[in-house]
Amino acid sequence: MKICVLVKEVPDAAVEKRLDPSTGRMDRSGEKNLNPYDTHAIEAAMQIREGGAAPVEEIVAVTMGPESAVRALHKAVSLGADRSIHLSDPVLAGSDVAATGYALAKTLETESPDLVLLGQQSDDGECYTIGAVVADHLGMPSLTQVIKMDVADGGLRCERQAEYGYDTVQVEMPAVISVGDAINEPRYPSLKAIMGAKKKPLQSMAAADAGIDTGKVGGDNSAAHWTAAKAPPAKAAGEIIEDEDTGETVEKILAWLDERKLI
Amino acid sequence: MARDGSSNGMVVPAAFPPPVDSRKEFIKRGLDPEDELIEVGVAIVGGGTAGLACANRLLQLLGDDPEMMERLGEVPVAVVEKAKTCGGHNLSGAVMRPQPLQELFGDMSREQWREEGFAFGEVTKESVYMLTSAKTKLPVPIPAVPNFKNHGNEVVSVSALARYQQRQAEEAGAYVLTETSAAQLVVDEGRVVGVRSGDKGRGKDGEPLGNFEPGTDIKAKAVVLAEGCWGHLTGAAIKEFDLAENREPQVWELGVKEVWKVPRPLDRVIHTFVQPWPLKVAAKYGQLGGTWMYPMKDEKTGEDLVSIGFVVDLNYRDATTSAHDLLQTFKTHPLVKGILEGGERVAWGAKALPGGGYWSMPKLSMPGAVLVGDAGGMVDTAALKGVHHCIKSGMLAAESIYAALKRGSNDFSDYEDAVERSTIGTELYQVRNTRQAFQKGFLVGSLLAGPSIMSKGRVPPGRQQWHRDDAEPMFVGNTKDRYPKPDGKYVFDKLSSVFITGNATRDDAPNHIRVQKRVPREVAETWRWMCPAGVYEIPEEAPEKGEVDVIVNYTNCVQCGAITAKGGRLTTPEGGDGPLYQVT
Amino acid sequence: MANILVYALHYEGAFNKNSLGAVSEAAKLAGEIGGEAHAIVLGENVPRDLAATLGRYGAKKVLVAEGPEGLAQPLVDAMAKAIADGGYSYALFGGGLLGFEIGAGLAARLGAGVVMEVTAVRAEGGKLIAERPILGDSAISEIEYRSPVGIVIGRLNAFEIRETGDADAAVEDLSFELSPQATRAKMLIRGEQRGADVDIEGADILIAGGRGLGKAEGFKLAEDLAAAFGSNAAVAATRAVVDAGWYPYAAQIGQTGKTVAPKLYLAAGISGAIQHKVGMQGSENIVAINKDANAPIFEFSDLGVVGDLNKILPKLTDAVKAKKAG
């Protein structure tokens, strides 16, 4: 089986996230790192390979991003991917989640994977859904928030975490699975793997190579258009009670909670 | 000294040494088998200014000598750096003397330095003050303090500079292994043959977790220890090879720094003496320190920034001396308010630096390895200058190693002579006795310091001695009474400061700090106040006198190194942990 | 016609809060842009009278489709069909796992603009503008739609439930075809409750304890208070006490623990250092009890009580029990 893992380069969690005042978009300068959720996806691919229930011929890391995104691919390879694909093209800049999902789907089509894995969310986009977009374009079943995944009965038996409880779903491959961080504990790359990463094959693709319709990607063609950003409404100053008569204090607390229908 | 380390009722931290044996723990005898190790040409431990200058220079030399580059193998130069990126753990003032960097990158103009984002302007004006009270100050004429003359120097950020140097090194062919700590020096038959990278995936008590990945031996023809202040392997190497024989003990200083966005640009570099305020003059407190304020014009964003810091010598005796809180106190002075008020704090950090100067510098080479930068104690603390020495020593090390390997030798001892003969040696020699007198108190020190500098070191004669920082008897004094209360906008507490360093140490990482857990209150208070990150705490119910337990919140640690000077030991943390400094 | 198609999730014979909020919001917005809100429910033999109750929240019509429950892709097919049949300018979801998955899949299917984690929507000139927090809740972004259909996916429970006083809605069957991918996932077990896990992130009320509780046993006070509030309340902890072994890591809130935004966050004996604050600052109502009047938490709490939690918590627990009983 061939597993493709979608990865993304995101600003390091330690870097203060802010908007670039000139473009109104996320300021993406500064330290970047492989999206932490994607390391769980790579680990999941490795565990399928090492588990032996189904032979995995290749694990391919795929990313869409500017030049610097190759670092994310090197990291993915040091964690176990056999080779990587870098989709990079100025025409893709500014794509929203729907356009990005479309572009990635077209890229994945060139690889015909049996399984597409990705991290549940990225630290910067905060969208939590690109797996569903990719799956619809590819015509594959999709699940998100998967926290347990086993090769079973010719497909994948997945457990996923919803706000109403846990579902167990049997999925036929090819499929797109977005994994949550509870699914596994990613391994650390060995120094040998880190140093060997640059030697593994890395293929660069432009939009045309993937058959991407340029009218469907890029900032200008994105159907959701960000118009403004503002500060969240300032919170009013809070009330302070000094406890002298605890009985009275508790009554005041209860009244306060009652006012706000919290009790 | 009494059995509990007390001396006249005061307690000495050195009587409670940390449970660590650096030679045993940090030296590995012999390499792993060939198929398990990685082989490189030159291994540089530490991706700071000095280590990267060595890498930059080596690659320049190798770039012109393809045959030698080939001889060094697939990985001619490897840099091992424990932070997430080079520069992540680097912090300094800093006003740098420009010549060594101009020598290293001969094609770059100073304007280009600024465009790259690591330099922030040439110094054209400077002032020195003595803070006489919380509200008043006295200007000190520069001719009286020539060590503070900074005309023509450049304000830089070592954190940003290291990032630039890393990019240059990688483009020239270096492998920079970030998030990788060097846990052991590998020694075989009396020579350094490599280093071993640190394990990853150990739990709180050192037990291997599910994703445990052991370190790897890195075999190298030459090892450069550029670990900064006070390196883990450097300390072990000094013991193993007797590099401190006939030297004065090393002493340290702790600097805490903030960077502020300011409404009006600062037009000059400012240094202050901080006695009589906020440090105490009386000898019994044993305090000595100073501050800086440097203007930074950020060419990339157009913002006006100010770097402000407080440095305190770690040989003080009042346990409540806290460099972080002293910085906050300093900020309440009208001199500083006039500059920072209306602005916004954008960075904070802390770092120890070696203050012993010339007589405390260890021997700089050993079979198979050399020391560069702060690891070699190359800081002029009278002038607060060390960055240019880092660069120069890195270059000299590169040249010595290149020449030796080229002629098939692994004797790098001529590096030592090169350092002595260079500006590093001459500058440090001139101030070799300038600061030792301060051990007798601020007044005595001041009387001797001026003449010492002006005579270019001829006075006082001979070799002045240093006493170890952890041998100072501690008492719980009242320096803390001056500290202002944090308000979260201008005066900050330690925890919120640690937060903005981007400190991302994992919750179940192994504890990398070694201290005795039960010590007299005076020692516990020393650690608690000294640590800028709030690592050491004393439980509320602990007794006022006698022995107390120490809580070690090691996940707050920003790896400044101060604990190593005052009775504890910072050992090799897991790679990737700690702060992510950007503009310090 | 500017109609809004809104998705409603039914489970074990009822619509969840999230869905009712979404329907209410769709009805309100539809009114503002001159259209109607129609709800869509998918399942196996969905009871029609249940579906009709959505009219009480403002839905003028409810489309009922037959298909496997609890999976997103059948709904992408159903909603795409309904939208293709004409008349809808927007599709609205109340968040939650399925809302996100369906909304995203639908955006791909229709080539439509989509916004997630929406916290507010307003009408302007007959069109909808969505607002969502970005950069870790530190700013709010406004987005407009440039496609014929716009998709709004709300943040979980962001939309208020409003009973409009209308009667039950008309129910219509929607026939549609399942795409191949929708037939290739099978639900084996749905909605399993795992009681052993403390669901910090789902609780409406969190009673959080810090060092001020004094010792591990101090957490009993927090647990008693949470029990008094009922099953939608849970106990959380700061990193300091988790490190000290007083409470499990699963309950840790903060920079290195979980991030929560419950309706009520009651912090007992917590100083409010920023490492903790970032994990709970989005809470709707923050009450803090601490004996130190200078604790930073009082700077961002909505109600601060300076006092001894050992005296206050037990009395508060009794008072809450009494109020709930009587």
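Predicted model: local features only at pLDDT ≥ 70, side-chain atom pairs only at ≥ 80, totals over all residues.
Let me start where two chains meet: strand β9 (residues 165-171) of chain A and β13(C) run antiparallel and are joined by five bridges, where two strands count as paired if DSSP finds at least two bridges between them. Within that pairing, A:Gln170 stands opposite C:Lys186 in β13(C). Residues are numbered from 1 along each chain as its sequence is written, and chains are lettered from A, with ligands numbered from 1, in the order in which they are written.

Now to the wider interface. The contact between these two chains takes 70 residues from chain C and 60 residues from chain A, a contact being two residues whose C-beta atoms, placed from the backbone, lie within 7 Å. On the chain C side, the elements that each supply at least two residues include α3 (73-84), β7 (113-118), β13 (185-192) and α8 (309-325), and the largest share, nine residues, comes from α4(C). Helices here are DSSP runs of H or I with at least four residues, and strands are runs of E with at least two, numbered from the N terminus. By class, that side of chain C divides into 34 nonpolar, 19 polar and 17 charged residues; Ala, Val, Leu, Ile, Met, Phe, Trp, Tyr, Cys and Pro count as nonpolar, Asp, Glu, Lys and Arg as charged, and the others, Gly among them, as polar.

With chain B, eight residues of chain C are in contact with six residues of chain B, and the chain C side has three nonpolar, three polar and two charged residues.

Turning to chain C itself, there are eight helices and 18 strands, and the C-alpha atoms fill a box of roughly 65 × 40 × 40 Å along the principal axes. An automatic or database domain assignment gives domain 1 (3-183) and domain 2 (205-325), whose C-alpha centres lie 36 Å apart.

Of the 326 residues of chain C, 52% count as buried, that is, with 20 or more other C-beta atoms within 10 Å of their own, C-beta atoms being placed from the backbone. In helix α5 (residues 219-229) of chain C, the buried residues include C:Phe219, C:Leu225 and C:Phe229, and what covers the buried residues of α5(C) includes β14 (205-209), β15 (233-237), β16 (264-268) and α8 of chain C. Just after α5(C), C:Gly230 takes a positive phi of about 115°.

Definitions and conventions. Buried ≥ 20, exposed ≤ 12 C-beta atoms within 10 Å, placed from the backbone.
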